[in-house]
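Biologist: I have a structure open and would like to learn how to read it. Could you walk me through it feature by feature?

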Amino acid sequence: MERYRFGRVVVKVGSNVLTRDDGTLDTTRMSALSDQIAQLHRGGVEIILVSSGAVAAGRSELGTERKLDSVSARQLFSAVGQVKLINRYYELMRDRGILCGQVLTTKESFSTRRHYLNQQHCMTVMLDHGVIPIVNENDTVSVTELMFTDNDELSGLIAAMMDAEALIILSNIDGIYNGDPSDPASAVIRTVEPHRDDLSGYIQTGRSQFGRGGMLTKYRMASKVADEGIEVTVANGKRDGILTDLLSPGSDVVSTRFVPASHSISQVKKWIAHSEGFAKGELHINEGAYEALLRPEATSLLPVGVCRVEGEFEKDDIVKIVSPDGIAIGVGRVACDSERARQVAGRKGGRPLVHYDYLYMD
């Protein structure tokens with residue numbers, strides 16, 4: 001039996017991989033990916049599949065003649081398309097002797113530690129029983145302000161939540177290019193080292209026909225996940241054998257690999273790292289606290305380092321940490337409510353407002 005490089009992997013498949021130009025599901029591509037997932041599964045790799053394609057599949061069934069606003073159209077198309085998508089996956093997996101299960105989630109479901117752990121437990125039980133979780137955003141109940149940026153953001157959250165060793169993002173191009181992918185002079189950036197200079201200037205900002213995201217969101221999310229100690233690869237999902245090749249030892253598939261940071265962080269910090277969008281308030285810090293928090297040694301945020309408190313929040317809510325020049329530099333779980341935080345801000349002594357164990361610095 002072939003040995004693979006990782007034991008647990010999250011695979012995100014974009015709409016541009018799973019659909020044809022007319023929006024119909026590319027069943028040939030889905031079948032090929034299912035073959036590879038089955039091979040990896042038999043080789044002892046735990047796979048969590050984050051799959052787009054529901055909205056595109058629903059649109060192909062219902063057509064685009066209806067006069068609907070964007071939220072209503074997304075809800076309608078996803079309600080029809082998700083059934084079609086998961087049924088196809090179920091049939092393909094069953095034909096290969098494995099079971100899959102559907103996990104629909106929303107951004108709001110990651111906003112509290114309890115909901116986060118409930119989702120983690122659900123998928124852990126599935127993996128323990130040999131069932132492949134197929135995850136997608138529940139677009140039927142998500143509205144604009146509660147949506148993930150796209151399934152790239154969702155896949156990063158899932159990879160961190162499930163302690164995955166690697167995240168593979170499958171798009172319709174070979175990786176992140178140092179220019180326009182259609183320009184013959186452009187080349188794939190093969191490796192991104194931790195804390196490398198910002199590459200966003202290289203990246204085209206266009207989006208796929210049926211998806212919400214683009215390569216820039218992939219880059220930003222991949223950088224954060226790699227900084228948490230998880231290897232991230234952006235590769236071409238339309239290339240034959242892409243998954244098995246990427247996970248085979250010694251493979252040299254053309255792709256963009258984000259080298260994981262050598263350190264790892266706790267599960268709680270992983271949750272906090274992806275919780276900036278749920279922040280209920282802000283703690284503005286002074287120069288002394290700013291310098292202390294940027295040091296490599298473990299440092300908590302003490303009341304004396306806070307010069308201003310903004311927003312209304314309760315104990316254990318997520319808050320942003322804001323530098324003296326007004327830039328958000330981290331997030332943390334606050335140890336008291338906003339009223340108490342205002343009372344103690346600037347004072348010496350007392351317990352940390354954000355303990356190091358519940359603090360994540362960007």
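Biologist: Let's start with β11 and β12. How many bridges join them, and do they run parallel or antiparallel?

Modeller: This is a predicted model, so please read everything that follows as computed. Strands β11 and β12 run antiparallel, and five bridges join them.

Biologist: What lies between β11 and β12?

Modeller: Five residues do, and the two strands form a hairpin. Within the turn, glycine 326 has a positive phi of about 85°.

Biologist: Is β12 largely enclosed or open to the outside?

Modeller: Strand β12 covers residues 328–333, and five of those six residues are buried, so the strand is largely enclosed by the rest of the structure. Its other partner is β13: three bridges join β12 to β13, again in an antiparallel run. There, glycine 332 has leucine 359 as its bridge partner.

Biologist: Which strands make up the whole sheet, and in what order?

Modeller: Reading across, the order is β10-β9-β11-β12-β13, five strands in an open sheet with mixed pairing. The edges are β10 (306–311) and β13 (359–361), each of which pairs on one side only. From one strand to the next, the twist averages 25°.

Biologist: Where does the parallel pairing come in, on the β9 side of β11?

Modeller: Strand β9 (residues 281–285) pairs with β11 (residues 318–322) in the parallel sense, over four bridges. Glutamate 282 has lysine 320 in β11 as its bridge partner.

Biologist: Now for a helix between strands. Which elements make a β-α-β unit here, and what is its handedness?

Modeller: The unit is built from β3, helix α5 (residues 113–128) and β4, and it is right-handed. Its strands, β3 (residues 99–105) and β4 (residues 131–137), run parallel and are joined by seven bridges. Cysteine 100 stands opposite isoleucine 132 in β4.

Biologist: How should I describe two helices that pack together?

Modeller: Two packed helices are described by the angle between their axes and the distance between the axes. For α5 and α6, the angle is about 75° and the axes are 10 Å apart. An angle from 65 to 115 degrees counts as roughly perpendicular, and α5 and α6 are therefore roughly perpendicular to each other.

Biologist: Which residues of α5 and α6 meet?

Modeller: On the α5 side, look at Tyr116, Gln119, Gln120 and Met123; they meet Ile158, Ala160 and Met161 in α6. By class, the contact has five nonpolar, two polar and no charged residues.

Biologist: Which residues of helix α3 are buried, then?

Modeller: Helix α3 (residues 54–62) has Ala54, Val55, Ala56, Ala57 and Gly58 as its buried residues. What covers them includes α4 (70–95) and β4. Just after α3 comes glycine 63, with a positive phi of about 85°.

Biologist: Which aspartates take a positive phi, and where are they found?

Modeller: One of them is aspartate 163, with phi near 55°; you will find this residue in the loop between α6 (151–161) and β5 (166–171). Aspartate 316 has a phi near 80° and is placed in the loop between β10 and β11.

Biologist: How accessible is aspartate 163, and how accessible is aspartate 316?

Modeller: Aspartate 163 is partly exposed, at a relative accessible area of 43%. Aspartate 316 is also partly exposed, with a value of 37%.

Note on methods
Residues numbered from 1 in each chain as written. Predicted model: local features only at pLDDT ≥ 70, side-chain atom pairs only at ≥ 80, totals over all residues. Heavy atoms only, no water. Pairing = 2+ DSSP bridges. Axes fitted to C-alpha atoms, helices over the stretch in contact; angles between N-to-C directions. Right-handed = clockwise from strand over helix to strand, strands pointing away. Buried < 20%, exposed > 50% of the residue type's maximum accessible area, 1.4 Å probe, protein only. Contact = heavy atoms within 4.5 Å. Parallel < 35°, antiparallel > 145°, perpendicular 65-115°, else oblique. Nonpolar A, V, L, I, M, F, W, Y, C, P; charged D, E, K, R; others polar.
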